[in-house]
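Biologist: Please take me through the structure shown below and set each term that you use against its definition.

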Amino acid sequence: MNRDTRRTRLLLALLLLTSITLVALDHRGQGKSPLDGLRSIGAAVFGPVERAASAIARPVSSAVDDLSSVGRNTDKAAELGKTNATLRQQLRTSELARNRAAELDALLRTAGAGRYRVVPAQVVAVGAAQSFSWTVTIDAGSRDGIKPDMTVINGDGLVGRVKTVGPTTATVLLAIDPQSAVGVRLEKSMEVGITSGQGAAHHGELSLELLDGQSSVVTGDRLVSFGSRGSTPYVPGVPVGEVVGVQKTVGTLTRIAAVRPYVDFTSLDLVAVVVEPPRTDPRDAVLPPPPARPKPIPTVTVTVTAKPAPTPTKKR
Amino acid sequence: MKTSRVLVAAAVVVAALAVQLSFLARLPLPGATPDLVLVCVVALGLARGPGFGLVAGFVAGISTDLAPPADHAVGRWAFVLSLVGYAAGLARSETRRSAFVPVIVVAIAAAASVLMYAALGLLVDDPAINWPVVAELLPTAVLYAVVLSPFVVSAVLAMIHRVEPEPVSRS
C-alpha cells in the first residue's frame, strides 16, 4: 500500500470508475434517485454528528478570540486568564441568548401574521461554497414532523424549502440556489412572476421573471410568495424580497428584474419549517408596514412659495 | 498496527468533515469555504503513500457527498478526493527534501479540486457551475488551504506516525 504499485493503480482506476458510475446513476434519477437510500443513511449517520459538532462550535466560535488571548506566562496568570475567559464566555453566551430571543421574536411575529403553523429549528451545518449548492442542515427531522417540500422561513422572510429529511435533521434548499424557483406576487398588484436563485453570482440577488411583459414593475416593489398548488413547496404570503433593478428588455414576452432577498443567507441561524399552511392566503399581511414617506410634504410647501409668480403677469 | 492506522484515518476524516460543515462553513469568510477535509486527505497521502491516500480520499469524498447539506450528485467529491489522495501519496518521497513540500502539494490540490469538481459538474449539467464564480473561488480556496496546512498536516502526520512508526524505507 505504501508505494505506487500496479495494485494501487488498479485500485485507483476501480475507485474512479465507481465514483463516475455513482455520479451517472444519481444524475439519471433527477428528483427520485436510486441513491436516495444511501443519502438517508448518510443523513442518519452524519446528522447526529453535525448536531453535536454545532452544539460544541456555537460557544467555541464566539470564544475563539477570548481564549486565544489567554497568555502562557506564570501559572497564576494563566489561571486568572482562564477565569477571565470563562467569565467572558459566559457574558458572550448570555449575549447569544439575547440574540436568539430577538430572532425568535421576529420569527413568531412572521408566523403569527401569516397564521402559519411552524416548527422552529436551528441551522447546524452549511454546504461548502465550492460544492456549488446552497443548502443547509437544520436540527429538525422526520421525528419532528418535517416532510420534504415544506416551506422554510425565518423572521425576515423566505429561506427555502425542505429537500431531504433524515430522522433528526433535514436539508434545506435555499432560495438562492440555482435549482430554486419560487412563484411570487408583487405587493398589492396581482402581477405574478418567478424568482430563481443565482448562487453567489450577482451578490446573491434573485432573478425575477415577470410573466407579463407589459407589467409596471419598478425598483422598490416588494414581493411575497404566490403559494404553490396545495401550498407545497411554498405557502402563500411569505415576504421574499425587494426589486432593486429592472432590466430593459425589448421584444421579449417577459420582464426580468433583480431582487434583493430579505433574508441574509450568509448568517442563517434560527429558522422555522411551516408544517401547516394558513387556511386563507395572508396576502400582504406578513410584509412589514411600508416605509413611511413624510418627505414629499416639504416639497409641497416649496410649490406654495412659488405662487407669487402669477401676480406680476396680472400687472402686465 | 494496520487497523489502528485505519481507525486514526477514519477519525480524522469524520472530525474534519464535522468541523468543516458545522464551523468553518459558517465563518463569515469571503469566497470559498476552508476545505479541511481536503487538507486532511493530502496529509494522509503524504503520511502513508498513494494507496493509503487513495482509499482515504475515496472514503472522505463519499462521506462529503452523503453528509446532510450535500445536494449534488453522489460521487463527485469521491472522484476528486481519490485523485487528490493518490497524487499526494506520490509526492511522499519529496517531503524529506523540504518542509515546504506539503504546503505546495496542498496549494496545488486545493486549486485542482475546485476545478475538477466544477468540471465534473459539466458532466451532469449542474446549473450552478458558472466559470467566473469558479475563478473567484480559486484564490481564496488556495489561501485557506495553505493557511490550514502547517497545523493540520503536521498534526495528522504526528498522529499516524504515533500509532505506526514509519518503516525504514528503501527508496
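**Barrel, helix and interface**

Modeller: In chain A of this predicted model, 6 strands close into an antiparallel barrel in the order β1-β2-β5-β4-β3-β12. Neighbouring strands of this sheet are turned by 45° against each other on average, direction ignored, the axes being lines fitted to C-alpha atoms. Residues are numbered from 1 along each chain as its sequence is written, and chains are lettered from A in the order in which they are written. Local features need pLDDT of at least 70, side-chain atom pairs count only at pLDDT 80 or more, and totals for chains, interfaces and linings use all residues; side-chain values use heavy atoms, without hydrogens and water.

Biologist: What makes α3(B) largely enclosed by the rest of the structure?

Modeller: Buried means under 20% relative accessible area, with a 1.4 Å probe and protein chains only. Because 12 of the 15 residues of α3(B) are buried, the helix is largely enclosed; among them are Trp77(B), Phe79(B) and Tyr86(B).

Biologist: Why is the link between Asp269(A) and Arg26(B) called a salt bridge?

Modeller: The term requires a side-chain nitrogen of Lys or Arg within 4 Å of a carboxyl oxygen of Asp or Glu. The closest N and O atoms of this pair are 3.6 Å apart, so the pair qualifies. The count between chain A and chain B is 2 salt bridges.

Terms used: Pairing = 2+ DSSP bridges. Helix = DSSP H or I, 4+ residues; strand = E, 2+ residues; numbered from the N terminus. Axes fitted to C-alpha atoms, helices over the stretch in contact; angles between N-to-C directions. Buried < 20%, exposed > 50% of the residue type's maximum accessible area, 1.4 Å probe, protein only.
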